[in-house]
Amino acid sequence: MPVIFRVSHDIPHVEPMNPAPSLPVHCRGILFPISELVPHPGSVEAPPSGHRVALRVQALRRNGWRDPVIVSRQTGHTVIGADLVEAARQLGLDRVPVEEQDFRGASEEAAVLALDAISPALIRG
């Protein structure tokens, strides 16, 4: 059953109308339980915190999901979007949109992980 939200155009936030919080999903991917996501062992900050996560919380409230969390098909690790996962936790969500992707090896996975840690704008446009 979809979660119903009331959006106030005067106040930039979303208020859940039922006890199970959710957000509109505008990207491809499957809704995956946060509890089953595996952080990448090479993550610099686990879990992410601070200003970056606060910005993600604001963006999710205003815009819903625009980018999926990227998980490596080879290792099962979260490669892109650890900050999105933490923002979802702070919003009380239990699932996030996930897209599995293939990587040519551990070095490519590590390079993409490093770019995501430096600047999500480089990867997500």
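## Basis

A salt bridge is counted where a side-chain nitrogen of Lys or Arg lies within 4 Å of a carboxyl oxygen of Asp or Glu. The model is predicted, so local features need pLDDT of at least 70 and side-chain atom pairs count only at pLDDT 80 or more, while totals for chains, interfaces and linings use all residues. Residues are numbered from 1 along each chain as its sequence is written, and side-chain values use heavy atoms, with hydrogens and water left out.

## Salt bridge within helix 2

Six salt bridges are found in the whole structure. One of them joins the side chains of R89 and E86, at 3.4 Å from N to O. Both residues lie in helix 2, three residues apart, about one turn of the helix. Helices are DSSP runs (H or I, at least four residues), numbered from the N terminus.

R89 is partly exposed at 43% relative accessibility, whereas E86 is buried at 13%. Buried means under 20% relative accessible area, exposed over 50%, and partly exposed in between (1.4 Å probe, protein chains only).

R52 pairs with D83, with the closest N and O atoms 3.0 Å apart. This links distant parts of the chain, from R52 in helix 1 (residues 51-63) to D83 in helix 2 (residues 82-90), 31 residues apart. R52 is partly exposed, at 24% relative accessible area; D83 is buried, at 2%.

D83 also forms a salt bridge with R56, the closest N and O atoms being 2.7 Å apart. R56 is in helix 1 and D83 in helix 2, 27 residues apart. Both R56 and D83 are buried.

## Network

Salt bridges link R52, R56, D83 and D116 in a network.

How values were computed:
Helices (H or I, at least four residues) and strands (E, at least two) are DSSP runs, numbered from the N terminus.
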